[in-house]
Amino acid sequence: TSREISMLLGSKYSAQKSVSNSKRIKTSKLKQLTPLFLIFIYLIVGTLFLSYQLNANMERKMQIFMGMFFIVFSFFKFLDYEGFPNSFKRYDPLAKKIPTYAKLYPFLETVLGIAFLMEWYLPIIILFTLIILSITTFGVLRVLTQKSQIDCACLGTALKLPMTEATLIENGIMLTMAIVLLVGYIN
């Protein structure tokens, strides 16, 4: 019986554990995504503050937001740098094919963040941003349409966030800003 099996295995594997796991699964999306929402609030407030200090126009505000976004998100990836690549490879098509890319991704985000904030080689940085975010967004779309239940690696693996439409929205915002900035450079 299950009681005898529980006694043999000990308290570590008792039915009590499975109850706590089911509670985790039943946690609302809103509660699971609270860290992501808090980070976005801080990014928006930081962007508004820096934009005010710099008397920034709309393009510069987007650069500041994107720079801070990449730096903050890379920070969370570095919290569990060893675990990040495996999690990222579960949905990013390029990371699946080139494992080194998954290991380099937090460093790439840091460089992108610094480049946006320092306004270094912006046309190239914007194009590179469009390419890598498009690839990742394609992977996110695939996971969401297949209704796979995986964790999102957007904030690394130290925080357990489910892959949801919020990830798609986050990527969409960044892609939209990159397109607007690129159009501004072309004109």
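Residues are called buried under 20% relative accessible area, exposed over 50% and partly exposed in between (1.4 Å probe, protein chains only). The structure is a predicted model, in which local features need pLDDT of at least 70 and side-chain atom pairs count only at pLDDT 80 or more, while totals for chains, interfaces and linings use all residues. Residues are numbered from 1 along each chain as its sequence is written, and side-chain values use heavy atoms, with hydrogens and water left out.

F88 is in contact (heavy atoms within 4.5 Å) with A95, Y101, A102, Y105, T136 and A153, when residues up to four places away in sequence are not counted.

Rings of Phe, Tyr and Trp (its six-membered ring) were paired if their centres lie within 6.5 Å; planes under 30 degrees apart count as stacked, over 60 as edge-to-face and the rest as tilted. This rule gives 17 aromatic pairs. The rings of F75 and F76 have centres 5.2 Å apart and planes at 80°, so this pair is edge-to-face. F75 is partly exposed at 47% relative accessibility, whereas F76 is buried at 17%. For F78 and Y81, the ring centres are 5.9 Å apart and the planes lie at 25°, so the pair is stacked. F78 is partly exposed, with a relative accessible area of 32%, and Y81 is partly exposed at 25%. One aromatic cluster is formed by F40, F65, F69, F70, F73 and F116.
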